[in-house]
Amino acid sequence: MSRALVLRPPQLSLAAKPDPNLFSRYTPGGTLQFQLCSNSHPRKLRLTVASASKKEQLQESKPQVQKQDGGNDSFQENGTVEAVDLGWLPAFPHILIASMSNFLFGYHIGVMNGPIVSIAKELGFEGNSLLEGLVVSIFIGGAFIGSISCGSLVDRLGCRRTFQIDTIPLILGALISAQAHSTDEILWGRFLVGLGIGVNTVLVPVYTSEVAPTKHRGTLGTLCQIGTCLGIIASLFLGIPSENDPHWWRILFYIASVPGLLLVFGMQYAVESPRWLCKAGRVDDAKEVIRNLWGASYVNQAIEEFQSVIRNDGGDLDSSWLELLEEPHSRVALIGGMLFVLQQFAGINGVLYFSSLTFKDVGISSSALASLYVGLTNFAGALCASYLMDRQGRKKLLIGSYIGMAVSMFLVVYAVSFPVDKDISGNLSILGSLLYIFTFAIGAGPVTGLIIPELSSSRTRGKIMGFSFSVHWVCNFLVGLFFLELVEKLGVAPVYLSFGGFSILAAAFAYYFTVETKGRSLEEIEMSLNPNFQGKNE
């Protein structure tokens, strides 16, 4: 049975009398190399030691060895001593619970696709396109208000309590919608659901970025996109009976309250953000979270980084919206807003809407089946993103994603503008649409929501995310409002060509204005982006 050995490197005095069996060499860069010689097994070790001062004096102490049952030796064959990495698994259940919010987001996106006709007929606004559009779009109005309000809530209450409070409008809105007997009631229900979704779309990326270990932050961050995809797919499957049962839409809204209840109880057992705990003065609680999720060897360094950032930013919990006008917060807020502007004007919602019509052109008349193909493609792209995020980095995925989206749009434009054969043209349109959705799910979807909180400072992270997502909802509304009208007036090719153009602009913007955040702690990123950070060069 193997036993894991956790070695704490000794601090050695340069003036100490050398042991004849110990041959060492210390370099000014902080690397101490020495060889232990015995008759049976010589072994080399290389330790990284922080110098105590400019004179590089090291204090004397005895090495400490701790034994842990099970696992492999952390003392490797080449003698390198490494910190014990607990991996992604300890943080996974907590972020999975938070991602239930994204499942609800996806569910409420898809739940109105099929039953809107039955809802309009039963509630008496059938044929009124204005009211039908309002029932769908009032969700976006609630989400805008929720996004703006989330920053202040999470600053004062922390992530866990904000999650739990936010389930109130989610559950209440679903129940009101399920029991609606008038247009006003369904509108109120959809507005409350949108309010809750707006808070959650900001809160989940913030929580994920602050709870996930640095090495696995990208992979765990893609759970947001995966949750949204699964929610859309679930709503499509559960909505199948609505084609035959005109009252099935009420059951769909009742079902929507279940994930909200799971989120309330799940968050009772989830951890709070260690960064928020440290900012709130609960340092011991923050240490406990880090020890359980990241590993005991990361506790001291993480707490030191947290406190250094807090001293620089200020110790109070709540920040002001006016701080977003100051550097470096204004630069990050501008980047966040622009990333969402370009994401929405690159046409994802328009392509998702129009894809069902494209499928009809090639003989797939069932809108549910067409949406299922789209949802599975989106899900496959999100799974690829979870594998690539911490391997290739955010910036590469973002640029590559937008280039792929542009190529996909140009493929659809070619198929529509130069049809050689009807079947070939239709198949090319399907291929281009699915390729567009796949490449979006690899980068433009998950990376945008993850990289903004990574670039934001600890003090203004919630408000920068709130501002960025409020821009997202405004652009989402504008694209939904004008997309069909533009297609009717200009045709599909010019509109899709503009989507490809915005995708190229987005790739260029990501190349010039974003920085790589892979493998860097949030505090390290904040220090590098803030030229006025006190103690930056200490």
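Which residues form a nonpolar patch on the surface? Select Phe144, Ile145, Ile148, Trp321, Phe467, Val474, Phe477, Leu478, Leu481, Phe482, Leu486 and Leu490, which together have about 970 Å² of accessible area. Patches consist of residues with over 30% relative accessible area and no salt bridge, nonpolar side chains (Val, Leu, Ile, Met, Phe, Trp, Tyr) being joined within 5 Å and like charges within 9 Å. A salt bridge is a side-chain nitrogen of Lys or Arg within 4 Å of a carboxyl oxygen of Asp or Glu. Areas follow the Shrake-Rupley method with a 1.4 Å probe, and for residues only the protein chains shown count as cover.

The model is predicted: local features need pLDDT of at least 70, side-chain atom pairs count only at pLDDT 80 or more, and totals for chains, interfaces and linings use all residues. Residues are numbered from 1 along each chain as its sequence is written, and side-chain values use heavy atoms, without hydrogens and water.

Next, colour helices H4 (129-178) and H18 (461-490), each of which supplies at least two residues of the patch. Helices are DSSP runs (H or I, at least four residues) numbered from the N terminus. H18 provides the largest share, 8 residues. Within H18, select Phe482, which is partly exposed at 40% relative accessible area (between buried, under 20%, and exposed, over 50%).

Finally, select Leu369 in helix H14 (residues 367-392). Its C-alpha atom is separated by 9.5 Å from that of Phe237, 132 residues apart along the chain.

Definitions and conventions: Buried means under 20% relative accessible area, exposed over 50%, partly exposed in between (1.4 Å probe, protein chains only).
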